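Please open the viewer and keep the sequence at hand.

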Amino acid sequence: MSNAPHGGTLKDLVSRDLPRQAGLKLAAAGLPSILLTERNVCDLELILNGGFSPLEGFLNKADYDSVLQNMRLADGSLWPMPINLDVSQEQVKTLRLVPGARLALRDPIDDAALAILTIDDIYAPDKHREAALVFGADDIAHPAVHYLHNSIKQFYIGGKLEAIQLPAHYDYVENRYTPAELRAHFRKLNWTRVVAFQTRNPMHRAHRELTVRAARERQCNVLIHPVVGMTKPGDIDHYTRVRVYKAILPKYPQGMAALSLLPLAMRMGGPREALWHAIIRKNYGCTHFIIGRDHAGPGKNSQGVDFYGPYDAQELVARYKDELHIEVVPFQMVAYVAETDEYYPEDQVPAGTKTLNISGTELRRRLKTGASIPDWFTYPDVQKILRSQNPPRGKQGFTVFLTGYWNSGASVIAEALQVVLNQDGQRPTTLLKGETIRSELSTELGFSKKDRDTNVHRIAFVAGEVTKCGGAVIAAPIAPYAGARQAAKKTISEHGGFFLVHVATPLEYCISTDRTGTYAKAKAGHIKGFTGIDDPYEAPEKPNLRVDASVHSVSQIVHEIILLLEKEGYIGER
């Protein structure tokens, strides 16, 4: 028999409100509504399907304050994580939101009404206090604290929900179970003891070994229960990870393991998050839950120290074991012993025995460079999946971003570089010249700082999409502002290489070689907001390459760029 839900009753609001679905959908059409954020959607789905039992809505102020201070709802129920619906001052005013009013909550993808919220209260949180109490520090190096201060709006709305429908999913539908569906699946399989394995990373041989050991020691079956909502920024996308989980599932003995995807928005909250995860797995019917070393830890704080101790999460959850009614299985780190071709818990490895391991950092390095990954570490089919999504640099896309004054030579350098890269033929090359983008994508923009930044943002978006597909991009806007260039780097670097080239040709040279008279018109006041005349140019402090077209020929500069790309492994063969 599967474990009882937290609080004794599974709060499956979708099933509860199904007889009223048509009426609720009709009512939602006439109500003020808001589009939810990605995190809101994840939270809402788990409230509606019972994954967040005993919650029946977003926290009102009494529950919120109690959760922050005591890790309990106002009624005393154990609940460690604040689940809030945030709105802006403008939304409160425009939508006339007041206690007692009803509000439709809509999916940002298809605008479908998912639920109706009846407002209990509207309150302004102390975000600094929330960060300190929930995450242990008000430090924006913590991804959830950064999100709190930079993405969460000014007000929270608390209130109960009426369910219309769950968000639509189009990927891996066969592996998406609600708590009620997963409990029914366990009953069908005659699984009475189930140990859940939480992960936001790909699985390898060591993960298979530790889950099998946990199952063997506790006489359980294994539920691989990965998070496919929001995880830590920079994590491998869930599409790749799910393909890995599907590939590793047959490596378990027949009938031992199952896969179910969890649409959770993680907060990387360490101890509190581990307790929250345990409650969620209890609601899904699991009887045991594996908690690892530094469970849901975000890494290091702004002082370079880990936010949480390695066993803080295990210790906090153990403190509430009598109330949780789910047995925690401590994560036992395993090590590979080459002599016996087996994995052993580290505390069972005989003294002096040589063990092997590959860290996550080292694995990412091998994937990026194309270096070999041994079979003892991961399965060949898993390695194939990871390599398909993490090709070596020679097959990754990249962007060369040239910036400098108008008539600095950046446009000529860009065109010459495109010719050289096309000659190489290693990958398709796209040229995004400033004047081309202005005429094709940004015709409505002027030359204010806001419009200039918008133009660079659009260039970065296009360059990022081409880079993601393995192409080479040469962008040559003026891009005078450091902030916009940094934002462009962030956008593009998520998908491949980014190389900032400062074409540092002196302004005087740019003016003296201007045969069009453009600078003269700007000096005379006929052109306003012209970079270098009456608008500033913020020179890059640390570009990947700094060149000067008044000193070196275009061919020499292009050759320097080619050498930089070769050095970093993006062109040529090694």
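Strand β4 (residues 102-106) is largely enclosed by the rest of the structure, because 4 of its 5 residues are buried. Please keep in mind that this is a predicted model. The points below begin with the partners of β4 and then turn to other parts of the chain.

**Around strand β4**

- Strand β1 (residues 33-35) runs parallel to β4, and 3 bridges join the two.
- Within this pairing, Leu35 has Arg106 of β4 as its bridge partner.
- With strand β5 (residues 113-123), β4 pairs in the antiparallel sense over 5 bridges.
- Here Leu103 finds its bridge partner in Leu117 of β5.
- The two strands β4 and β5 form a hairpin, with 6 residues between them.
- In the turn of this hairpin, Asp111 has a positive phi of about 65°.
- As background, strands of a sheet pair through backbone hydrogen bonds, in either the parallel or the antiparallel sense.

**The five-stranded sheet**

- An open sheet is built from 5 strands in the order β9-β8-β7-β10-β11, and the pairing is parallel.
- The edges are held by β9 (257-259) and β11 (327-330), each with a single partner strand, so one side of each has no neighbour in the sheet.
- From one strand to the next, the twist averages 30°.
- Strand β10 (residues 288-291) pairs with β11 in the parallel sense over 4 bridges, and His288 stands opposite Glu327 in β11.
- Helix α11 (residues 270-283) packs on the sheet and touches β7 and β10.
- The direction of α11 makes about 155° with that of β10.

**Salt bridges**

- How many salt bridges does the structure hold? There are 28 of them.
- One of these joins the side chains of Asp65 and Arg129, at 4.0 Å from N to O.
- Asp65 belongs to helix α4 (residues 61-70) and Arg129 to helix α6 (residues 127-135), so this pair ties together parts that are 64 residues apart in sequence.
- Arg200 is buried, because its relative accessible area is 16%, and buried means under 20%.
- Arg208 and Glu209 form a salt bridge at 4.0 Å, N to O.
- Arg208 is buried at a relative accessible area of 19%, and Glu209 is buried at 15% relative accessibility.

- Is Thr378 buried or exposed? Thr378 is buried, with a relative accessible area of 1%.
- Thr378 lies in the loop between α14 (360-369) and α15 (380-389).
- Its side chain makes a polar contact with the side chain of His204, at 2.8 Å.
- Leaving aside neighbours within four places in sequence, the residues in contact with Thr378 are Met203, His204, Arg205, Ile373 and Gln383.

How values were computed
Residues are numbered from 1 along each chain as its sequence is written. This is a predicted model: local features need pLDDT of at least 70, side-chain atom pairs count only at pLDDT 80 or more; totals for chains, interfaces and linings use all residues. Side-chain values use heavy atoms; hydrogens and water are left out. Buried means under 20% relative accessible area, exposed over 50%, partly exposed in between (1.4 Å probe, protein chains only). Two strands pair if DSSP finds at least two bridges between them. Axes are lines fitted to C-alpha atoms, for helices over the stretch in contact, and angles run from 0 to 180 degrees between N-to-C directions. Contact means heavy atoms within 4.5 Å. A polar contact is a pair of N or O atoms within 3.5 Å; within protein, one must be able to donate a hydrogen and the other to accept it, and residues adjacent in sequence count only if both atoms are side-chain atoms.
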